[in-house]
Amino acid sequence: MARVDVLMPQMGESIAEGTLSKWLKKLGDEVKRDEPLFEISTDKVDAEIPAPSAGVLAEIKVQEGQTVPVQTLVAVIETDKGASTTATPSAATQAPTAAAVTAPPVAAAQQAPAAPGGTAVSPPSRTAPSRPLPPSTAPVVGKGDGSVETAEERLRRKSTPLVRKIAAEHQVDISTIPGSGFAGRVTKQDILGFIERGVPATPAAAPGSRLPAATPSGPVEHPVVDPWPGDRVEPFSKIRKITADHMIMSRRTSAHVTSFFEIDYSRVAELRRKHKPAYAERGVNLTYLAFIAKTCAEQLRAHAVVNAAVSGDNIIYRRDVNIGIAVALDWGLIVPVVKRADELSLAGLARAINDLGERARTKKLLPDEIQRGTFTITNPGVFGSYAGAPIINQPQVAILGVGAIEKRPKVLTLPDGTDTIAIRTMGMVSMSYDHRVVDGADADRFLADVKRALEDFPEGAI
């Protein structure tokens with residue numbers, strides 16, 4: 001009978017480990033090839049991992065809440081439906097001593113030769129069957145006081161190698177940082193935000209001495225409000241917690257100012273109506289957002305200060321123009337990034353926006369696809385909003401908000417100098433910018449050029 005190993009995937013070059021946050025199949029369930037098998041959480045993205053082969057989920061090697069290195073054996077799929085099923089207990093339950101648990105796990109790639117597609121075929125498991133332990137109760141390691149840590153407590157203490165490296169460089173005690181990850185795990189964004197808020201570094205201690213606790217002056221603390229009778233109380237989801245903390249951090253960091261411009265989209269509406277069927281035949285949805293993103297990408301090259309970041313007392317002028325497109329999800333908000341957007345044609349940009357939006361909604365984004373943005377566009381106008389003042393996506397210095405695009409009356413001046421009222425396709429755009437580096441004149445010149453380019457969009461660029 002064929003047995004296929006399921007490995008913890010590497011979700012990006014800088015990702016060294018992942019947290020198995022949820023099993024989507026139970027032990028003994030039949031699975032289809034490419035059917036979502038489990039969810040993982042990393043510093044950069046949450047994702048559903050598909051089954052590498054069809055069969056039966058015969059063994060579960062990693063429990064919910066556990067963090068393991070990439071290429072670690074997570075589960076075993078047997079292609080024979082009649083095969084017996086076993087669940088392997090975690091390494092902690094097999095050997096609960098601290099010395100045994102801290103030994104690095106052996107990667108699955110070392111246990112068996114890899115097969116095409118990133119899977120490995122292994123001999124039948126010799127592990128004795130046992131019942132899997134819930135992540136909240138599985139003992140993992142002694143704390144030194146005779147008790148044991150739960151999986152959640154271990155996640156809180158053990159972050160990713162990247163986070164631990166940053167903590168060591170800045171001499172910060174991870175345990176003092178409020179984490180927004182699974183079970184309070186400290187993510188890269190958490191520790192960078194903690195450091196950016198100016199929390200004093202904890203000095204290195206001499207052997208045998210005790211370190212003072214880091215001053216908790218920076219973490220975001222949300223006020224507690226008492227519920228009333230009949231109210232429903234729900235804890236923040238992970239993505240909601242991250243969003244809430246980042247919004248507060250952004251308002252603390254940047255000197256927010258917002259400018260508003262009204263744009264006549266009649267030219268864009270005409271071009272869109274004319275070319276939309278041809279785009280649809282190529283599988284591309286030609287939206288107003290594509291025109292706006294294309295125009296912004298071109299203007300960002302000419303207005304470098306809007307495509308920048310602040311680093312201490314320095315301004316970083318980004319070489320690349322990477323535009324983030326905010327996508328509203330049922331469970332929160334995410335901003336996938338179109339890399340080097342200024343080098344794409346209108347069709348290429350429209351295709352990229354459509355693709356990233358669809359994969360964001362189906363949890364198929366890769367970590368690299370939500371990183372390295374230099375400018376963000378959010379489009380609340382699709383919900384009918386006239387205009388808004390969006391919050392800057394740190395560490396960027398500007399974000400464009402797109403209001404509802406609709407037909408409205410507009411005063412036009414005719415060639416003879418007389419005025420008339422006409423029905424035009426109109427919409428508002430707003431841009432919040434960081435006044436530490438972007439002056440009002442800079443922002444308004446950028447928006448004026450965006451307005452002019454959209455109102456006179458060349459057909460040759462279609």
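A: At 11% relative accessibility, R408 counts as buried, where buried means under 20% relative accessible area, exposed over 50%, and partly exposed in between (1.4 Å probe, protein chains only). This is a predicted model, in which local features need pLDDT of at least 70 and side-chain atom pairs count only at pLDDT 80 or more, while totals for chains, interfaces and linings use all residues. Residues are numbered from 1 along each chain as its sequence is written, and side-chain values use heavy atoms, with hydrogens and water left out.

R408 belongs to strand β20 (residues 406-413); helices (H or I, at least four residues) and strands (E, at least two) are DSSP runs, numbered from the N terminus. Its side chain makes a polar contact with the side chain of E406 at 3.1 Å. A polar contact is a pair of N or O atoms within 3.5 Å; within protein, one must be able to donate a hydrogen and the other to accept it, and residues adjacent in sequence count only if both atoms are side-chain atoms. With neighbours within four places in sequence left aside, R408 is in contact (heavy atoms within 4.5 Å) with E262, Y386, A422, I423, R424, M426, G427 and M428.

R424, one of these contacts of R408, also takes part in a salt bridge with D264 through the side chains (2.9 Å, N to O). Because D264 lies in strand β11 (residues 256-264) and R424 in strand β21 (residues 419-434), this pair ties together parts that are 160 residues apart in sequence. D264 is buried, with a relative accessible area of 8%, whereas R424 is partly exposed at 28%. A salt bridge here is a side-chain nitrogen of Lys or Arg within 4 Å of a carboxyl oxygen of Asp or Glu. Side chains of opposite charge can pair when their charged atoms come close.

The whole structure holds 21 salt bridges. Among them, the side chains of E59 and R3 meet at 2.3 Å, N to O. E59 lies in strand β6 (residues 55-60) and R3 in strand β1 (residues 3-7), so this pair joins parts 56 residues apart in sequence. E59 is buried at 3% relative accessible area, and R3 counts as buried at 5%. Both belong to a network of salt bridges that links R3, E59, K61 and E78.

A further salt bridge brings together the side chains of K274 and E459 (2.7 Å, N to O). K274 lies in helix α8 (residues 266-281) and E459 in the segment after α11 (440-455), so parts 185 residues apart in sequence are tied together. E459 is partly exposed, with a relative accessible area of 32%.
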